[in-house]
Amino acid sequence: MLFFSYFKELVGKEVTVELKNDLAIRGTLLSVDQYLNIKLENTRVVDQDKYPHMLSVRNCFIRGSVVRYVLLPPDGVDIDILHDATRREARGN
Amino acid sequence: MATEEEIAVKEPLDLIRLSLDERIYVKLRSDRELRGKLHAYDQHLNMILGDVEEVVTSVEIDDETYEEIVRTTRRTIPFLFVRGDGVILVSPPLRTV
């Protein structure tokens, strides 16, 4: 549940989601769920010339399993909070 | 006060816990490698890394000579979430210099 909670904190921030098929989508994080499915709004494809498929798409739902990376804002969340939460999560399992 | 549970290294995930806030090397699927500072991880090996360098390796074959040309593409990402299902291995950084 660690990353689910982390992404909930990031709702409203701008992120770039890179998919396993190399498509990269930049947008504002609207919502996330336990599977780390992602909803983005105000989306733009990063390399629009290479991937013209979604020129007119501004909102999307991304299945969590197709995500490779999420590029996060550097001022996302306090790093110390992440470390503490990770230690707690690791100990609990 | 440190408890025994915090220090004990019982299973492989505990080994990764020792690398928290340290630089690590991650080998991913699709011939990708990451080097960055480990900030968070879970049992799926989802991770958050800071100051990451990604290296993508590709092999081209010359049309005439049929020799293999190995190319690497690098980029740096300040703060990155990595989905665990792409992770192959996690390790302290290898000395390349």
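This is a predicted model: local features need pLDDT of at least 70, side-chain atom pairs count only at pLDDT 80 or more; totals for chains, interfaces and linings use all residues.
B:Arg32 lies in strand S2 of chain B and B:Glu54 in strand S3 of chain B, so the pair ties together parts that are 22 residues apart in sequence. Helices (H or I, at least four residues) and strands (E, at least two) are DSSP runs, numbered from the N terminus. B:Arg32 counts as buried at 9% relative accessibility, and B:Glu54 is buried with a relative accessible area of 2%. Buried means under 20% relative accessible area, exposed over 50%, and partly exposed in between (1.4 Å probe, protein chains only). Both residues belong to a network of salt bridges that also links A:Glu18, A:Asp22, A:Arg68 and B:Arg75.

Residues are numbered from 1 along each chain as its sequence is written, and chains are lettered from A and ligands numbered from 1 in the order in which they are written. Local features need pLDDT of at least 70, side-chain atom pairs count only at pLDDT 80 or more, and totals for chains, interfaces and linings use all residues, while side-chain values use heavy atoms, with hydrogens and water left out.

Over all chains, a search of the whole structure finds 15 salt bridges. One of them joins the side chains of A:Asp84 and A:Arg87 (3.4 Å, N to O). These two residues both lie in helix H2 (residues 79-92) of chain A, 3 residues apart, about one turn of the helix. A:Asp84 is partly exposed, with a relative accessible area of 40%, and A:Arg87 is partly exposed at 36%. In chain B, a salt bridge also forms between the side chains of B:Arg83 and B:Asp85 (3.1 Å, N to O). Here B:Arg83 counts as buried at 17% relative accessibility, whereas B:Asp85 counts as partly exposed at 38%.

The strands of the two chains were examined next. An open sheet is formed by 10 strands in the order S4(A)-S3(A)-S2(A)-S1(A)-S5(A)-S4(B)-S3(B)-S2(B)-S1(B)-S5(B), with antiparallel pairing; two strands pair if DSSP finds at least two bridges between them. Strand S4 (59-62) of chain A and strand S5 (87-91) of chain B stand at the edges, each with a single partner strand, so one side of each is left without a neighbour in the sheet. From one strand to the next, the twist averages 35°. Axes are lines fitted to C-alpha atoms, for helices over the stretch in contact, and angles run from 0 to 180 degrees between N-to-C directions.

Helix H1 (residues 2-9) of chain A packs on the sheet, touching strand S2 (24-32) and strand S5 (67-71) of chain A together with S2, S3 and strand S4 (68-82) of chain B. The direction of this helix makes about 100° with that of S2(A). Contact means heavy atoms within 4.5 Å.

Within chain B, strand S2 (residues 32-41) and strand S3 (residues 47-61) run antiparallel and are joined by 8 bridges. B:Leu38 stands opposite B:Leu49 in S3(B). Strand S1 (residues 23-28) of chain B is joined to S2(B) by 6 bridges, again in the antiparallel sense, and B:Lys27 has B:Glu33 in S2(B) as its bridge partner. S1(B) and S2(B) form a hairpin with 3 residues between them, and B:Ser30 in the turn has a positive phi of about 65°. S1(B) also pairs with S5(B), antiparallel and over 4 bridges; in S5(B), B:Ser91 is the bridge partner of B:Tyr25.

Chain A has 2 helices and 5 strands, which run α-β-β-β-β-β-α from the N terminus on. Chain B has 2 helices and 5 strands, in the order α-α-β-β-β-β-β. Of the 93 residues of chain A, 46% count as buried; for the 97 residues of chain B, the value is 38%.

Terms used: A salt bridge is a side-chain nitrogen of Lys or Arg within 4 Å of a carboxyl oxygen of Asp or Glu.
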